[in-house]
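Look over the sequence and the structure before reading on.

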Amino acid sequence: MNKTSKIIAGVIVVILIIWAIAAGVSKNSQPQAVETIKIGAVLSLSGIASSDGESIKNGLELARTDLKARGIDVDIAYQDDKTEPKDTVSAMNALGALNVEAVIGPTWSYLADSGVPVGDRSKMVMIMPANTSEYVNARSPYAFFTTNKVERLSQPLTEWLKQSGKKRIAIIRNQGAWYEVVEKAVLAAAKEAGVEVVFNENMQFGTAQSVMATILTKMKAKNPDIIFTEIDDEQGITIFFNRSQQLKIDADLMSVTTALGRIVASGSIILNPGNELFLIAPKTSDSFNEKYKATYGTNAKPYADRSYDSLMLLVDAIQNRGDMALNEYLRTRANYKGFIGTYKFDANGDISEGEWVVTKLK
């Protein structure tokens with residue numbers, strides 16, 4: 001190669017190097033693509049479960065905002081099932097057609113019993129922040145639950161009953177799988193604490209107007225010192241309190257039901273003088289409550305924390321599962337640390353942790 005050829009070759013090499021550097025700089029200067037994950041949500045945004053549905057949605061939106069700040073864009077396709085099982089089925093089918101990565105919801109257990117079989121047929125992961133396998137009859141390897149198992153409330157309730165000095169407990173509840181599971185836990189706690197169950201009666205949902213006076217009259221004759229009540233509709237709760245006042249029932253109250261706590265907190269119900277109201281509920285996070293309040297202006301409502309953690313858990317699983325099916329990863333590898341605790345799942349799809357606490361509302 002003569003001198004001229006060497007010079008030309010050298011120039012070409014220099015040009016190629018400069019071009020490569022420039023291309024790299026240009027590439028790195030381009031905005032990085034935001035990762036997009038498509039999630040479905042079947043929630044009761046109207047109907048009798050709308051308070052819980054809206055709370056779950058608020059938690060999801062908080063999580064979505066935080067994920068966006070990390071460069072992860074989560075597209076949530078919301079479906080309102082109106083707290084109607086037939087609409088839950090339609091909503092699940094609609095999300096299946098959209099090929100979402102997974103679904104948050106349905107909201108309540110009898111809605112899940114309608115929706116889970118649809119998700120199972122589509123092999124679609126469903127994460128439910130307000131349910132456990134204890135009161136959802138439908139079974140699927142794609143169903144996961146991120147709230148506390150009800151059976152775990154027995155121990156803290158036992159301790160509370162022992163310390164309270166209560167001796168005679170009455171139970172009044174609606175009919176249904178959720179209420180039966182709660183009743184079982186309360187009966188176990190009463191037995192362990194040595195508290196006598198002096199009255200135990202249930203009623204069909206929506207029949208409080210016609211049966212409540214009779215139930216409370218019979219209960220008063222048993223002279224309980226605490227009443228455990230699980231009534232989920234606002235009309236039924238209002239009738240319960242009004243009739244209790246008319247009959248001058250002198251007993252403290254306790255409940256798990258989110259509706260009762262919400263109504264009492266609103267100030268629309270007045271207890272009999274000297275009576276107190278206690279709520280036993282899954283332990284919450286002060287730091288999450290601060291985050292929620294900064295955005296929505298109120299304290300966090302039930303299940304908002306679980307739904308926030310559920311979306312974070314789901315995105316973490318989608319990003320880290322590799323070649324594994326999403327449901328298999330969640331069941332065998334999930335170990336996500338959220339506001340409420342570490343999320344691991346057992347064979348039934350329930351989280352393996354979860355603490356219940358008793359608080360005095362009034």
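Predicted model: local features only at pLDDT ≥ 70, side-chain atom pairs only at ≥ 80, totals over all residues.

## Helices α3 and α4

Helix α3 covers residues 85-97, and helix α4 covers residues 109-121. Their axes come within 8 Å and cross at roughly 30°. Angles under 35 degrees count as roughly parallel, so α3 is roughly parallel to α4. The crossing is right-handed.

From α3, the contact takes in Pro85, Thr88, Val89, Met92 and Asn93. They meet Tyr110, Leu111, Ser114, Gly115, Val118 and Gly119 of α4. By class, this contact holds 6 nonpolar and 5 polar residues, with no charged ones.

## Helices α7 and α8

Helix α7 spans residues 208-221, and helix α8 spans residues 234-246. Their axes come within 10 Å, crossing at roughly 35°. This crossing is right-handed.

Ala208, Gln209, Met212, Ala213 and Leu216 are the α7 residues in the contact. On α8, the partners are Gln235, Gly236, Ile239, Phe240, Arg243 and Ser244. The contact of α7 with α8 has 6 nonpolar, 4 polar and 1 charged residues.

## Helix α5 and its two sides

Which residues of α5 are buried? In this helix, residues 154-164, they are Ser154, Leu157, Thr158, Trp160 and Leu161. Seen down the axis of α5, the buried residues fall within an arc of 165°, so they line one face of the helix. The face turned away from that buried side carries exposed Gln155 and Gln163.

The buried residues of α5 pack against helix α6 and strands β8, β9, β10 and β13. Just after α5 comes Gly165, with a positive phi of about 80°.

Methods:
Residues numbered from 1 in each chain as written. Heavy atoms only, no water. Axes fitted to C-alpha atoms, helices over the stretch in contact; angles between N-to-C directions. Helix = DSSP H or I, 4+ residues; strand = E, 2+ residues; numbered from the N terminus. Left-handed = near helix turned anticlockwise from the far one by under 90°. Contact = heavy atoms within 4.5 Å. Nonpolar A, V, L, I, M, F, W, Y, C, P; charged D, E, K, R; others polar. Parallel < 35°, antiparallel > 145°, perpendicular 65-115°, else oblique. Buried < 20%, exposed > 50% of the residue type's maximum accessible area, 1.4 Å probe, protein only. Arc of directions from axis to C-beta.
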